Amino acid sequence: MSKMAIRVPKSMRAKRELLKHAPKLVENGKKMLILHGTKTSAVLNSVLADLFHLKRDHAVKYTKKNDSIRPFESGGETSLEFFSLKSDCSLLVYGSHSKKRPNNLVLGRTYDHHIYDLVEVGVENYKSIESYAYDKKLAPKLGTKPFFAFIGEHFESVEGLKHLKEMLLDHFKGEVCIFIDKLACRIYMGNS
């Protein structure tokens, strides 16, 4: 039976890196990795830019075009896993454009930096965030969560749409906020 030696970090930098990856009572929010494919259209560039703008604090965007990423082919997912590990992101968005699949967007999740699941969608009739006119006082602020409305019973019964709904909600979940109402606390504690 061999003994396993525990290595102690020798520098403060190594210690900080180990503490960053150590288990926590409250885990950090999931980060999103945004990647471009070999070819991307202007519409897709706008979509990826808007996604990055929505998740700015919790997103990493690589603008260089990636030839080696083929999410649904065997061996093509290794590049996604490498970028996920490199940037410490558990959510993926990959945009590519081709004649057969125009304005193609692949949404994915990883577990332990290995591909867990992927969903492929096409973008049609896209309007960018800048195309909407609204009062500057009501402008969306950094860190706000978007509102999703899934209309129809197919999002509960059809397996593919149910998966897409879960994927979208997971990508835009954001930080978990805990709100405590002072009145409810006073009533619970028995004070008036």
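**Figure 1. Helix H2 (residues 42-54) lies across strand S1 (32-36), S2, S3 and S4.** H2 runs at about 160° to S1; axes are lines fitted to C-alpha atoms, for helices over the stretch in contact, and angles run from 0 to 180 degrees between N-to-C directions. Helix H3 (residues 78-87) also packs on the sheet, where H3 touches S1, S2, S3, S4 and S5, and the direction of H3 makes about 135° with that of S1. Contact means heavy atoms within 4.5 Å. Helices (H or I, at least four residues) and strands (E, at least two) are DSSP runs, numbered from the N terminus. The model is predicted, so that local features need pLDDT of at least 70 and side-chain atom pairs count only at pLDDT 80 or more, whereas totals for chains, interfaces and linings use all residues. Residues are numbered from 1 along each chain as its sequence is written, and side-chain values use heavy atoms, with hydrogens and water left out.

**Figure 2. Five strands form an open sheet of mixed pairing, in the order S2-S1-S3-S4-S5.** Strands are taken to pair if DSSP finds at least two bridges between them. S3 (residues 91-96) and S4 (residues 104-111) pair in the antiparallel sense over 6 bridges, and Tyr-94 stands opposite Val-106 in S4. In the chain as a whole there are 6 helices and 5 strands, and the elements run α-β-α-β-α-β-β-β-α-α-α from the N terminus on. Of the contacts in the chain with a separation of 6 or more, 64% are between residues 24 or more positions apart.

**Figure 3. The largest nonpolar core contains 17 residues.** A nonpolar core is a set of buried Ala, Val, Leu, Ile, Met, Phe, Trp, Tyr and Cys residues joined through side-chain atoms within 4.5 Å. Met-32, Ile-34, Leu-51, Val-93 and Leu-105 touch the most other members. S1, H2, S3, S4 and helix H5 (159-171) each supply at least two residues of this core, and H2 provides the largest share, 4 residues. Apart from neighbours within four places in sequence, Leu-105 contacts residues including Leu-44, Val-47 and Leu-48, together with Val-93, Val-119 and Val-121. A second, separate core of 11 residues includes Ile-69, Phe-83, Tyr-94 and Leu-118. In soluble globular proteins, nonpolar side chains tend to be buried together.

**Figure 4. Asn-103, found in the loop between S3 and S4, is joined to Ser-41 by a side-chain polar contact of 2.5 Å.** Asn-103 counts as buried because its relative accessibility is 14%; buried means under 20% relative accessible area, exposed over 50%, and partly exposed in between (1.4 Å probe, protein chains only). A polar contact is a pair of N or O atoms within 3.5 Å; within protein, one must be able to donate a hydrogen and the other to accept it, and residues adjacent in sequence count only if both atoms are side-chain atoms. Beyond its neighbours within four places in sequence, Asn-103 is in contact with Ser-41, Val-43, Leu-44, Ser-96, His-97, Val-121, Gly-122 and Val-123. By the burial criterion, 28% of the 192 residues in the chain are buried.

**Figure 5. His-171 lies in helix H5 and is buried, with a relative accessible area of 1%.** The side chain of His-171 reaches the backbone oxygen of Leu-92 at 3.1 Å and that of Gly-108 at 3.4 Å. The C-alpha atoms of His-171 and Leu-107 are separated by 8.4 Å, although these residues are 64 residues apart along the chain. H5 has 13 residues and reaches 18 Å from its first C-alpha to its last, close to the 18 Å expected, the expected span being 1.5 Å times one less than the number of residues. In H5, the residues Leu-164, Lys-165, Met-167, Leu-168, Asp-170 and His-171 are buried. The buried residues of H5 pack against S1, S3, S4, S5 and helix H4 (154-157).

**Figure 6. Asp-88 has a positive phi, near 55°, and Asn-125 a positive phi near 50°.** Asp-88 is found in the loop between H3 and S3 and is partly exposed, with a relative accessible area of 38%. Asn-125 is found in the loop between S5 and H4 and counts as exposed, at 78% relative accessibility.
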